[in-house]
Amino acid sequence: MSEKLQKVLARSGHGSRRELEAKIAAGRVSVDGRVATLGERIDTNAMVRIDGHEVTIKPPEDVVCRVIMYHKPEGELCTRRDPEGRPTVYDGLPRMQGSRWVAVGRLDVNTSGLLLFTTDGELANRLMHPGHQIEREYAVRVFGEVDDAMIKRLLKGVQLEDGPASFKSIQRGGGEGMNQWYHVVLTEGRNREVRRLWESQGMQVSRLMRVRYGNIKLEQGLPQSGWGELKLPEINYLRELVGLPPEQRTFVDPRQNETRQKRYSRARRNQTQRLQQARKVSRDTRQSTKKR
């Protein structure tokens, strides 16, 4: 049976449905030698090319949904390639053949914490869709005087440049002086929304870290730039959230604890190298700016 082109490509691991729809609309995808149109239907025998490169089309029974948890540090970009050579979240992910990792949302360069990746572009697309109202929890450190009236305004809703926004919950997390930590929960993923909400009240956000996505929490002990593969019950929890059928197979090795520790060690070394590279790029940029 035929299915929509963008859905087949997303399921086969060639990007999120949103990314693929943009490529199709831009004329970058062809089917059997002709430029594809958005919404056309294909079967698994079709020859599909993206930017001139033939891609693999997988039937549903050949696709295994994988999801990994990644601990993003500050300074890494949520992009596949950076023309300036800065470190990206994709640099240290496990390599695959015939598929690729699709990020579930984004974190800006100055935000750290939990980032999910999956091989199933349809799952990524649904998890990011605001209609599913999936909770995202952040630990945020703000500088300034926070009173009860401000908390009430942020819970009730304030007007941002792209529409009204609010926190679902705000919990105090301690701190010293004018620097205070809070745990806040959102059910959408607009660009820099946590920062913009606090800034609307004249507050300065000095640290921001995502610690939970739905019921998936950032694993304690997972170092920055480290990753770990989710187990089948966790994957099926995410799939059930967005109305997808359960996955039956898993790539998780029964020796996971041992192999994860090895990955963590590599992640620490990789993180150090990336930070050194990022600092060098930053120094070179500042020096170049001064010369101008």
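Arg 80, Arg 81, Tyr 90, Leu 93, Pro 94, Arg 95, Met 96, Ser 99, Arg 100 and Trp 101 line the second largest pocket. A pocket here is an open set of points on a 1 Å grid over the protein atoms alone, where a 1.4 Å probe fits, with protein on both sides within 12 Å along at least five of seven lines; lining residues have an atom within 4 Å of a point. The model is predicted: local features need pLDDT of at least 70, side-chain atom pairs count only at pLDDT 80 or more, and totals for chains, interfaces and linings use all residues. Residues are numbered from 1 along each chain as its sequence is written, and side-chain values use heavy atoms, with hydrogens and water left out.

The second largest pocket holds about 380 Å³ of space, a volume being the space filled by probe spheres set on the points. Its lining divides into five nonpolar, one polar and four charged residues (nonpolar: Ala, Val, Leu, Ile, Met, Phe, Trp, Tyr, Cys and Pro; charged: Asp, Glu, Lys and Arg; polar: the others, Gly among them).

The largest pocket holds about 760 Å³. It is lined by 31 residues, of which Gly 105, Arg 106, Leu 107, Met 128 and Gly 189 are the closest to its centre. This lining comprises 13 nonpolar, six polar and twelve charged residues. Because domain 1 (3-61) and domain 2 (67-241) both contribute lining residues, the largest pocket lies between them; the domain bounds come from an automatic or database domain assignment.

Ser 12 is buried, at 1% relative accessible area (buried: under 20%, 1.4 Å probe, protein chains only). A polar atom of the Ser 12 side chain lies 2.9 Å from the backbone oxygen of Val 8.

Methods. Buried < 20%, exposed > 50% of the residue type's maximum accessible area, 1.4 Å probe, protein only. Polar contact = N/O pair within 3.5 Å; in protein donor to acceptor, adjacent residues only side chain to side chain.
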